[in-house]
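Biologist: I'm new to this one. Can you put it up and walk me through it?

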Amino acid sequence: MSEPVVIVSGGSRGLGLAIVCRLLEIGYRVGTFSRSRTKEIDELCSDDRWANQLLYESVDMSDLSVVREFVAKTHHEFDRIDALVNNAAIATDSVLAMITDAQIRQMVDVNVGATLALTRECIRFMLLGDQGHIINISSIVAQRGFSGLSAYAATKAAMEGMTKSLARELGKRKIRVNTLAPGFLETDMSASLTDDQRRQIVRRTPLGRLGRSIDVVPWIEFLLSEQSGFVTGQTITIDGGASL
């Protein structure tokens, strides 16, 4: 049996890049994309070890036709799609009274609309094999809120609702759907935090720090494995206890 194939959205930096690297290391073939290239993804693509395991393209998720083409290209390249990690997202830090229509529309279009479209395209190939895994990356802000992130939180809450419904919809076809909800991580997404916000988050976190990509990646590996074969429709929070 050939190595399994996973699509990871937003795989050029931060958590997405860490997920891509780990899945390559454990033998997955990976199709990944992001809005813009980074030095890190270019280095990964030029590494001869992954010459036949990695497919990367620059994709704007707001263009659903391009998203569809990427999924089809990944299937054509690797002849199967076994799993999807919905990691790509846009976050605009602004109180709702000040956020623009365009900013709301962009977050909803990418974090909800494009994620649903990407998931739909991958499911169609998973159904051919009568098995699969979908892992959605949400956030603790969907569960406990955070000032200035209400629109972003709404899109992540939508993702958690999608997880539950899809788990029921696809369970009979042996496709499992779960969500990971990390706390604030030491990635580009948290770079906009002020020093006061960072100290406040750390103070309210029982384990006393922000999370790291390495805190989340093992859960990806676990949910893709048969060890989690009876787990579906769940949201697993990884936040150092901040949501307690």
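Biologist: Is Trp 219 buried, partly exposed or exposed?

Modeller: Trp 219 is partly exposed, at 34% relative accessibility. Buried means under 20% relative accessible area, exposed means over 50%, and partly exposed is in between, with a 1.4 Å probe and protein chains only. One caution: this is a predicted model, where local features need pLDDT of at least 70, side-chain atom pairs count only at pLDDT 80 or more, and totals for chains, interfaces and linings use all residues. Residues are numbered from 1 along each chain as its sequence is written, and side-chain values use heavy atoms, with hydrogens and water left out.

Biologist: How many aromatic pairs are there?

Modeller: The structure has 2. Rings of Phe, Tyr and Trp (its six-membered ring) pair if their centres lie within 6.5 Å; planes under 30 degrees apart are stacked, over 60 edge-to-face, the rest tilted.

Biologist: Why is the pair of Trp 219 and Phe 222 edge-to-face?

Modeller: Because their planes are at 90 degrees, with ring centres 6.2 Å apart. Trp 219 and Phe 222 are 3 residues apart in helix α8 (residues 213–224), about one helical turn. Phe 222 is partly exposed, with a relative accessible area of 30%.

Biologist: New topic. Where is Ser 139?

Modeller: Ser 139 is in the loop between β5 (132–137) and α5 (141–144). At 10% relative accessibility, Ser 139 is buried.

Biologist: Which residues is Ser 139 in contact with?

Modeller: Leaving aside neighbours within four places in sequence, the contacts of Ser 139 include Tyr 152, Lys 156 and Pro 182. Contact means heavy atoms within 4.5 Å.

Biologist: And how many residues are in the largest nonpolar core?

Modeller: The largest nonpolar core has 40 residues. A nonpolar core is a set of buried Ala, Val, Leu, Ile, Met, Phe, Trp, Tyr and Cys residues joined through side-chain atoms within 4.5 Å. Ile 7 and Ile 134 are among the residues with the most contacts inside this core.

Biologist: Which element gives the most to this core?

Modeller: α6 does, with 8 residues. Another core lies apart from it, with 28 residues, among them Leu 23 and Leu 224.

Note on methods:
Helix = DSSP H or I, 4+ residues; strand = E, 2+ residues; numbered from the N terminus.
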